[in-house]
Amino acid sequence: MISLRGDATELSKAIVLVVAALFPIVNPIGSAAIFVDMTGPIGAPLRGLLARKISTFSFLLLIGSILFGAKILTFFGISLYAVQIGGGLVVAATGWSLLSQTGSGPTARSETDDAILANAFYPYTLPVTVGPGSISVAITLGANLPPELHASSFLAPVVLIASFVGVIFICATVYVSYRYANAAERLLGASGTSVLMRLLSFIMLCIGVQIVANGILSYLAIAPR
């Protein structure tokens, strides 16, 4: 009984660790404001379907990064700092594009439903929802969870449970935030939404620059002198 209670405690701590590490950088609520600005006033059925696709893609990206990210990078000879630099540039470019555009979601309004759904993975999931920062954190979590839980492998049941439960919670929050983002937009009003979007776009630009800087610093730290 003591052992089971101790295992449950360790598992609970690991789930909290996954959520606490990923939630601030995924930032579903902040990303939802950018999502609304990019898509424009779409119908509720399409918004619900799009939110479901984004949350599904987000789940696959995050769980894949946690469980297999480090192995995939090693296989292709890609370092984590390369992911940070390349991905940070994409995030910064997306933030700048949103910050400098005029109006609210002008492209999305002229697109068909199929065209909007075709953008579910890029750019709505990657990099708006799950960017290189989230992927880097997920890869780091995957490397640290087995020792944290005293498990021999990242495929140990306790590691899998902690990873899946934590990521499912994050992606459920993404779905709810995106699904009901238009209601929040109506609550804020046009001017409030515009101000929030510009602020979040600037923050997104800064996050991209910070990710690039972190990647460069990581490279300089291991580069031969």
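Residues are classed as buried when under 20% of their relative accessible area remains, as exposed when over 50% does, and as partly exposed in between (1.4 Å probe, protein chains only). By this criterion, 44% of the 225 residues in the protein chain are buried. The structure is a predicted model, in which local features need pLDDT of at least 70 and side-chain atom pairs count only at pLDDT 80 or more, whereas totals for chains, interfaces and linings use all residues. Residues are numbered from 1 along each chain as its sequence is written, and side-chain values use heavy atoms, with hydrogens and water left out.

The secondary structure of the protein chain consists of ten helices and zero strands, where helices (H or I, at least four residues) and strands (E, at least two) are DSSP runs numbered from the N terminus. Of the contacts (heavy atoms within 4.5 Å) between residues at least 6 apart in sequence, 89% join residues at least 24 apart.

When residues up to four places away in sequence are not counted, I66 touches V18, L22, A138, G142, L145, S163 and V167.

Helix α3 also holds S58, which counts as buried because its relative accessibility is 1%. Beyond its neighbours within four places in sequence, S58 is in contact with T125, T129, V130 and C171.
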